[in-house]
Amino acid sequence: MRKPSPADAKKNVLTQYKAVAFSCIAGIVTAFAILTLCAGVMSAVDVPHGAVVPMSILAMVAGCLLAGFLCARIVGSGGLLCGLICASMIFLMAVAAELFVAGGQVGILALYKYVACASSAMIGGVLGVNRRRKVR
């Protein structure tokens, strides 16, 4: 068995960065698609105003779950860390967009959103690592 060279380690880190970037983009696209469906439902049906925030949190949780799953699946190890990194990236982008569009300040609800996103992405990461691969 040969000793890994620094070039191999650099290539491995680059692969992990690409996996995180791809997974975060897939998670954001998924959350956006779910939010679009929710907006369509809200325009067709009279949805109470109190259901808007839970619908947005569920969309974000689903996107983070997928991002954690994909990242851990691509990397192959470290599901909890992959999920946490993806959730943090997606959450930071969502908070930045919220501050840019709505202005104002970040409240305690942001902490709850982060905990929900991080836990779902870490669950997705564990599921992605533990999923069996097809044997051919």
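Author: Helices (H or I, at least four residues) and strands (E, at least two) are DSSP runs, numbered from the N terminus. This is a predicted model, in which local features need pLDDT of at least 70, side-chain atom pairs count only at pLDDT 80 or more, and totals for chains, interfaces and linings use all residues. Residues are numbered from 1 along each chain as its sequence is written, and side-chain values use heavy atoms, with hydrogens and water left out.

Reader: How many helices does the protein chain have?

Author: Read along the sequence, the pattern is α-α-α-α. The chain has zero strands, and its number of helices is four.

Reader: What percentage of the residues of the protein chain count as buried?

Author: Buried means under 20% relative accessible area, exposed over 50%, and partly exposed in between (1.4 Å probe, protein chains only). The protein chain has 136 residues, and the buried share of them is 26%.

Reader: What percentage of the contacts with a separation of 6 or more comes from residues 24 or more positions apart?

Author: Contact means heavy atoms within 4.5 Å. Among contacts in the protein chain with a separation of 6 or more, the share from residues 24 or more positions apart is 78%.

Reader: By how much are the C-alpha atoms of Ile74 and Thr15 separated?

Author: Ile74 lies in helix H2, and counts as partly exposed because its relative accessibility is 40%. Leaving aside neighbours within four places in sequence, Ile74 is in contact with Ala19, Phe22 and Ser23. Thr15 is 59 residues from Ile74 along the chain, and the C-alpha separation is 8.7 Å.

Reader: How far apart are the end C-alpha atoms of H2?

Author: The expected span of a helix is 1.5 Å times one less than its number of residues. H2 has 24 residues and should therefore span 34 Å; the distance between its end C-alpha atoms agrees with this, at 35 Å.

Reader: Which residue with a positive phi follows H2?

Author: Buried residues of H2 include Met55, Ile57, Ala59, Cys71 and Ala72. The residue that follows H2 has a phi near 95 degrees, and is Gly76.

Reader: How far apart are the axes of H2 and H4?

Author: Axes are lines fitted to C-alpha atoms, for helices over the stretch in contact, and angles run from 0 to 180 degrees between N-to-C directions. H2 and H4 pack at an angle of about 35 degrees, and the distance between their axes is 7 Å.

Reader: Is the crossing of H2 and H4 left-handed or right-handed?

Author: A crossing is left-handed if the near helix is turned anticlockwise from the far one by less than a right angle, and right-handed if clockwise. For H2 and H4 the crossing is right-handed.

Reader: Why does Ser120 count as buried?

Author: Ser120 lies in helix H4. Apart from neighbours within four places in sequence, Ser120 is in contact with Val61, Cys64 and Leu65. Ser120 is buried because its relative accessible area is 7%.

Reader: At what angle do H3 and H4 pack?

Author: H3 covers residues 79-102 and H4 covers residues 108-130. H3 passes H4 in a right-handed crossing. Their axes are 7 Å apart, and the angle is about 145 degrees.

Reader: How many charged residues does the contact of H3 with H4 have?

Author: Ala, Val, Leu, Ile, Met, Phe, Trp, Tyr, Cys and Pro count as nonpolar, Asp, Glu, Lys and Arg as charged, and the others, Gly among them, as polar. Residues meeting across H3 and H4 include Gly83, Ala87 and Glu98 in H3 and Lys113, Cys117 and Ala121 in H4. By class, the contact has 12 nonpolar and four polar residues, and the number of charged ones is two.

Reader: What is the C-alpha separation of Ala39 and Val52?

Author: Ala39 lies in helix H1, and counts as partly exposed because its relative accessibility is 42%. Ala39 and Val52 are 13 residues apart along the chain, and their C-alpha atoms are separated by 9.3 Å.
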